[in-house]
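Work through these exercises with the structure open. Try each task before reading its solution.

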Amino acid sequence: MKPARPAAEPEREEGASTATDRVYHAVYQAVLEHRLEPGQRLREEEMAAEFGVSRTVVRQALQRLAQDQVIELMHNRGARVPLPSLDDARHVFEARRMVECEVARRLGGQLSPQQVGELQIIAQAEIDADRRGDRAEAIRLSGEFHNALARMYGNPVFVRMLTGLMPTTSLLMARFKLHGGQVCVAHRHVDLISALLKGSGPAATEMRKHLVELEQSLVANPTPERRLRDVFSAYRDNGETPTEVEP
């Protein structure tokens with residue numbers, strides 16, 4: 001089954017489906033889903049072989065990913081997934097609290113029945129994925145829940161800010177969260193929905209509690225590097241990656 005596009009991923013022009021786009025989306029999603037580990041090297045030749053594209057295509061995708069701060073380009077050393085520190089975590093979660101607590105405060109008591117229903121569907125799907133052990137899907141749905149709230153608030157600047165913070169959040173969780181747990185605990189999103197129904201104050205308080213809990217769950221917890229062949233198998237084998245040869 002084709003992995004669903006992450007909700008936090010930057011929007012691309014409708015209809016765009018180039019080889020570069022597909023490599024970009026696969027790497028972006030692999031970072032969010034913890035398929036790529038913090039610090040993992042992304043070798044152009046290996047990625048070109050895995051995706052069946054040219055190294056030029058891979059290079060273009062990596063440059064775009066670096067511009068969006070999803071990966072890092074190192075001078076004369078290729079590309080790698082960023083290796084965020086616990087100091088980075090303090091900055092990331094401070095920024096997320098500023099954005100998301102305000103979003104929750106503004107949405108508290110103001111959500112339409114349709115919006116509540118959408119959040120409940122995402123939260124239940126996340127719980128179901130967690131129960132069946134589908135960690136990647138649970139992580140994707142966690143990001144979708146937070147992004148949905150920002151989208152419902154309607155400020156595109158907040159949406160872009162959250163989009164930029166999500167990959168680093170996911171990398172921090174992959175590197176430092178005890179036992180490599182998912183980014184969010186599913187039932188916390190159910191609690192957030194209940195708080196949003198109560199009003200501005202409870203909604204902002206619950207969001208702050210949720211984000212503080214996530215930050216405090218981070219501990220030093222090194223994780224082994226995975227092979228790129230294993231990381232991208234789901235994207236490579238779905239039948240939709242382009243085939244291209246080096247000119």
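**Exercise 1. The sheet**

In what order do the three strands form the open sheet, and is the pairing parallel or antiparallel?

Solution. Keep in mind that this is a predicted model.
- Step 1: The order is β1-β3-β2. The pairing is antiparallel.
- Step 2: Look for the edges. They are β1 (41–42) and β2 (72–74), and each pairs on one side only.
- Step 3: Turn to β1 and strand β3 (residues 78–80). Two bridges join β1 to β3, and these strands run antiparallel.
- Step 4: Find a facing pair. Leu42 stands opposite Ala79 in β3.

**Exercise 2. Two tyrosine rings**

Classify the pairing of the rings of Tyr24 and Tyr28.

Solution. 
- Step 1: Search the whole structure for aromatic pairs. There are two.
- Step 2: Take the rings of Tyr24 and Tyr28. Their centres are 6.1 Å apart, and their planes are at 20 degrees.
- Step 3: Apply the cut-offs. Centres must lie within 6.5 Å, and planes under 30 degrees apart count as stacked. The pair of Tyr24 and Tyr28 is therefore stacked.

**Exercise 3. Around Tyr24**

Decide whether Tyr24 is buried or exposed, then do likewise for Tyr28.

Solution. 
- Step 1: Recall the cut-off. Buried means under 20% relative accessible area.
- Step 2: Tyr24 has a relative accessible area of 0%, so Tyr24 is buried.
- Step 3: Tyr28 has 1% relative accessibility, so Tyr28 counts as buried.
- Step 4: Look over the ring of Tyr24. The charged end of Arg64 sits there, 4.6 Å from the ring centre.

**Exercise 4. A glycine in a loop**

Where is Gly199, and is Gly199 buried or exposed?

Solution. 
- Step 1: Gly199 is in the loop between α8 (186–198) and α9 (200–216).
- Step 2: Gly199 has a relative accessible area of 10%, so Gly199 is buried.
- Step 3: Compare chain and space. Gly199 and Arg105 are 94 residues apart along the chain. Their C-alpha atoms are separated by 7.7 Å.

Notes. Residues numbered from 1 in each chain as written. Predicted model: local features only at pLDDT ≥ 70, side-chain atom pairs only at ≥ 80, totals over all residues. Heavy atoms only, no water. Phe/Tyr/Trp six-rings, centres within 6.5 Å; stacked < 30°, edge-to-face > 60°. Buried < 20%, exposed > 50% of the residue type's maximum accessible area, 1.4 Å probe, protein only. Lys NZ or Arg CZ within 6 Å of the ring centre and 35° of its normal. Pairing = 2+ DSSP bridges. Helix = DSSP H or I, 4+ residues; strand = E, 2+ residues; numbered from the N terminus.
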